[in-house]
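Subject: Model handover

Hello,

Here is the structure I promised. Please open it before reading on; my notes follow below.

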Amino acid sequence: MTQQGVRWSADQVLSLAPDAASRKAGSKLGAAGPWSEAGSCGEGTVWGLCKGSGSKPYQTVVDIADASGPAYKCSCPSRKFPCKHALGLLLLWAGGDGAVPPGQPPEWAEQWMEGRRKRAEDKRTAETAGSSSGSADPEAARRRAERRAERITAGATELEQRLADLLRGGLAGAEQTGYGQWEETAARMVDAQASGLAARVRELGSIPASGPGWPVRLLEECALLHLLDQGWLHREGLPDGLASTVRSRIGLPASADGPPVRDRWLVLAQYDTADSRLTTRRAWLYGAESDRTVLLLSYGAAGRAPDLALPVGLVLDAEVSAYPGAGQPRVALGEQFTQPVPAPIRPPGVTTAQAAARYGKALRDDPWLDSVPVTLDRVVPTPDGDSWQLADADGDTALPLTPAARARPGLWRLVSLSGGAPVTVFGECGHRGFTPLTAWPEGAGEAVPLC
Amino acid sequence: MNGTPTPVDAPAPNAWEELVTAALLGTERRTPPGCPPGPEAPAALLDAAAAETVRRRAGLRPGRAAARVEPAAEDPRPPLPTAAARRLAMLLTDRPGTGGGGRRGTAPDLMELLPQWLATANTQGFAPPPELLPALLDAARGRTDLRQAALAFAGARAVWLARLNPDWRFALRAAPGGGMALPHLEDTDRIRQLWEEGLFAERVALLSAIRAREPAAARELLATTWATERAEDRLMFLDSLRTGLAADDEPFLEQALTDRSRNVRATAAELLSSLPGSALAARMAVRAGACVAVDHTGSTPTLLVEAPHECDAGMEGDGVVAKAPAGRGERSWWFGQLVEAAPLATWPARLGRRTPQEIVALPVADDWQAELHAAWCRAAVRQRNAAWARALLAAPAAPEAGGPGAVSLAERSKLLGTLGGAERADWVAGFISAHGLSEAFQLLGVCAVPWSEPLGRAVVDALNIARDAGSYPWSFSGVMGLAERCLDPSEASRLDGLMAVPDETEDASPGAGGYWAEAFQRLVSTLRLRAAMAEELGAV
């Protein structure tokens, strides 16, 4: 568990920053200048005093050994989390030029660590106690679940009616009716406690303004929403796996109750999506022994980065448990047995034709899937008019990049990395095209994040 | 997948189109095929569309590959060490204009260190990690001062990328010959063809490249088309002869002295006067010599100046510009040009075998000193004559070296350019020790980086004195910024004592001590960072 051997890269540190301004401010503080009494110890704690504008320097301490990601404490008044001082301190430590020597933590850092250890201990004790007693009143829980199912059923039925009305009058009118009606229907689905339906309904509202070809996309999404409604209304007749998939797509909470799978999990990619309320962080992991690719989700309140930070290219020796649903990639992270370490593991890749076939196959278990995680081997980023594609180096087929991927700066990192030569690319492959997330050069070389 | 891939096994090729049409018009107007008309029609349409949507998606296949781009050339340079690559990524993250502003605080300004990082990486001959090229090109796009070093470091792949992204088109322009490859110097046919048919920029690049390797060949190439070139092109081409100028260029330049264009004549004359053995230089020596004499009639020998009374055809033919700029006397204008173009060796011979020092020390009658010394300065710079430059600079501690004497600061920094690096640094160090920092900025700009130890010490001592004098550090922010970039990183440890906040004296400006401590902290942390950068690049 010594972190000294596993220094982080600056990229890793900066990936923790909640926003671009913090990244910049943290970069500036990543030099010896304002820091004094900085140090680190083998248990994975880094600390230091940072001179701010006031007379008293800020006390900054970071616990990098925590399995669920680093924890921070800083005496500065910033509401950003982690603050620029914590980022600067980690950069200083990552820089490795002797500014953060090994040593004994000062008392203020030691106190904080002590408190954390104790809380973690309490939580473990509580969990052990909680799991043994089980749920307090199974009968009451069953009644609650029944009431919720009834509300969802009412919501799905109402939505079916709404879709039928739309198709009766024709989609052509949808361009005029605008966004408001869909927003209202989405609110009804929220009331029905069907958050999955609500999100899909909201999507419908944005399609008529999404450019050429919108009627086809609107019909597709209406049809898949109808399929989901029908799946819910007829869930008793579905096979177990598909029924679970329907429940999770509708928005019913589930717990990751699959058996724990211990593996060496390579972090393939990590990226955030944010709306006004929530930041969602997705991390794709590849199990070197199980040859499985799984998805970890973590959340942060708006403006805050989720706590779990998994830098691309590191390997975790850890257990994960799957969420229910056939073919669902989502898992929960269980126990981590060591600190993440860099390792020269690469996922095995496939051709573009195999990637498309993999998506097609996955639709059998989950027809609502937009994409599947795939690693393409020996593909060349190739310009195609205004667009880009990933072309097989050894064939004449290619997958187009999604419009979103074309607009990102990561595209140019990928093009530059390739230089017209084959590369290995991990990404999401679906009906809109391929979204590259991470790439490796043809020869030796580290993973290059593209998102 | 954007329509390129095709669904397989579609039962009827137009089933989907018919569903879309029915959905657009509405089931009240159009009943989709295979669906019962009436109230059940919408649900039937959605059922069919759902099946068709999943079928279409599941049946997607990759499209056809577009024409491949010619791959980028291999970069033969060794890759950057890992730590240096991380450092570069961090330097590139710190982009200007992303917030901040105001007081600078104690943290180093990373963007200011990028030029030095690039220079060191180029000296060490490393290749960049390809994935950092986009950020590097973006940085070079925003800062023209970075371009040359950034593009040299970025290498051929950056030009390859620039062809694919119009945002980086500047990289094509900045590459010699607009990104085209110059022919081998042995390939005379290609050279001939490019010289005769190429664009102007390509021709200048070609001529400069040849001149750098084989001066005579470049001159001969130029001579083949000289008579037919346009005047402004002749001027640019002639200017390229500055590189590797030598005695055997004289006949060509003599011929250019009779050019139709006055600017071409003036440039030819300037080049000829930089050749002290040229016939033009000898003619100018006679003319200038006739204007200056030693007068022994007074108590001390004094220089007498008799400026020319007219600008004759011979003088004009040798490039002297007859018409004086507004506000200048004609005679002093002509005189300045004669002295500037005369070989400096003229003067000891003409003025009693005195050394340059002795000549410069002679008093000059009738207020001609400024004119005469300024012309000698221009001559010393043009002829790169260190002995005369030394004499004209005088001792750095001399009182007139600090004030606005006969030789301006701009001229002094040009004169310094003719001296060797160590002598230059020593002179500026002596100047700063005697006169402080207020006039030093321009002179520091011509000193080699990192500063020599005596120069560095002189600057730090002068900053320390300025602090003790109680002024605010921002009066010296220019020199402070230079020190951050130019001071030898090994000096950092000697600055430790300056980082503490000093006790406030009565006459000091309020709070100045704290700001000085902050400025010195930033200086020290910048130096430490530069030392780390150099070490990561293996340049220690």
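Chain B and chain A bury about 5,600 Å² between them, and carbon and sulfur atoms give 64% of that area. Bear in mind that this is a predicted model.

**The interface**

The contact draws 73 residues from chain A and 64 residues from chain B. Four salt bridges are found across the interface of the two chains. The polar contacts across the interface of chain B and chain A come to 22 residue pairs, with both residues at pLDDT 80 or more.

Which elements of chain B give two or more residues to the side that touches chain A? They are helix 1 (15-25), helix 2 (41-58), strand 1 (63-64), helix 3 (82-93), helix 5 (133-142), helix 7 (156-164) and helix 28 (512-536) of chain B. Helix 2 of chain B gives the most, with twelve residues. Sorted by class, the side of chain B that touches chain A has 36 nonpolar, 14 polar and 14 charged residues.

Now look at B:Arg57. Its side chain meets that of A:Glu220 in a salt bridge, at 3.4 Å from N to O. The side chains of B:Arg57 and A:Glu221 also meet in a salt bridge, here at 3.2 Å, N to O. This pair crosses between chains: B:Arg57 sits in helix 2 of chain B, and A:Glu221 in helix 9 (residues 214-233) of chain A. Over all chains, the salt bridge count comes to 47.

**A sheet across both chains**

Seven strands form it, in the order 16(A)-15(A)-14(A)-11(A)-12(A)-13(A)-1(B), with antiparallel pairing. Its edges are strand 16 (448-449) of chain A and strand 1 of chain B, each of which pairs on one side only.

The link between the chains is worth a look. Strand 13 (residues 397-400) of chain A pairs with strand 1 of chain B in the antiparallel sense, over two bridges. There, A:Thr397 has B:Arg64 as its bridge partner.

Further into the order, strand 11 (residues 371-384) and strand 12 (residues 387-392) of chain A run antiparallel and are joined by six bridges. In this pair, A:Pro381 stands opposite A:Leu390 of strand 12 of chain A. Helix 11 (residues 352-365) of chain A packs on the sheet. Helix 11 of chain A touches strand 11, strand 12, strand 13 and strand 14 (423-430) of chain A, and its direction makes about 145 degrees with that of strand 11 of chain A.

**The four-stranded sheet of chain A**

Chain A also has an open sheet of four strands, ordered 1-2-3-4, with antiparallel pairing. Strand 1 (35-41) and strand 4 (71-74) of chain A are the edge strands; each pairs on one side only. Direction ignored, neighbouring strands of this sheet are turned by 10 degrees against each other on average.

Four bridges hold the antiparallel pairing of strand 3 (residues 58-63) with strand 4 of chain A. A:Val61 is placed opposite A:Lys73 of strand 4 of chain A. Helix 3 (residues 84-95) of chain A packs on this sheet and touches strand 1, strand 2 (45-50), strand 3 and strand 4 of chain A. The direction of helix 3 of chain A makes about 65 degrees with that of strand 3 of chain A.

**Other strand pairs in chain A**

Strand 6 (residues 278-287) and strand 7 (residues 293-301) of chain A run antiparallel, joined by nine bridges. A:Thr280 stands opposite A:Tyr299 in strand 7 of chain A. The hairpin of these strands has five residues between them, and A:Asp291 takes a positive phi there, near 55 degrees.

Strand 7 of chain A also pairs with strand 9 (residues 330-336) of chain A, in the parallel sense and over two bridges. The bridge partner of A:Leu295 in strand 9 of chain A is A:Arg330.

**Backbone points in chain B**

Two spots to check. B:Val449 and B:Pro450 are joined by a cis peptide bond, with omega about -5 degrees. B:Pro450 lies in the loop between helix 25 (441-444) and helix 26 (453-468) of chain B.

B:Arg384 is not a glycine, yet its phi is positive, near 50 degrees. B:Arg384 is placed in the loop between helix 20 (369-382) and helix 21 (386-393) of chain B.

Best wishes

Technical notes. Residues numbered from 1 in each chain as written. Chains lettered and ligands numbered in written order. Predicted model: local features only at pLDDT ≥ 70, side-chain atom pairs only at ≥ 80, totals over all residues. Heavy atoms only, no water. Pairing = 2+ DSSP bridges. Axes fitted to C-alpha atoms, helices over the stretch in contact; angles between N-to-C directions. Contact = heavy atoms within 4.5 Å. Buried area = accessible area lost by both parts, 1.4 Å probe. Polar contact = N/O pair within 3.5 Å; in protein donor to acceptor, adjacent residues only side chain to side chain. Nonpolar A, V, L, I, M, F, W, Y, C, P; charged D, E, K, R; others polar.
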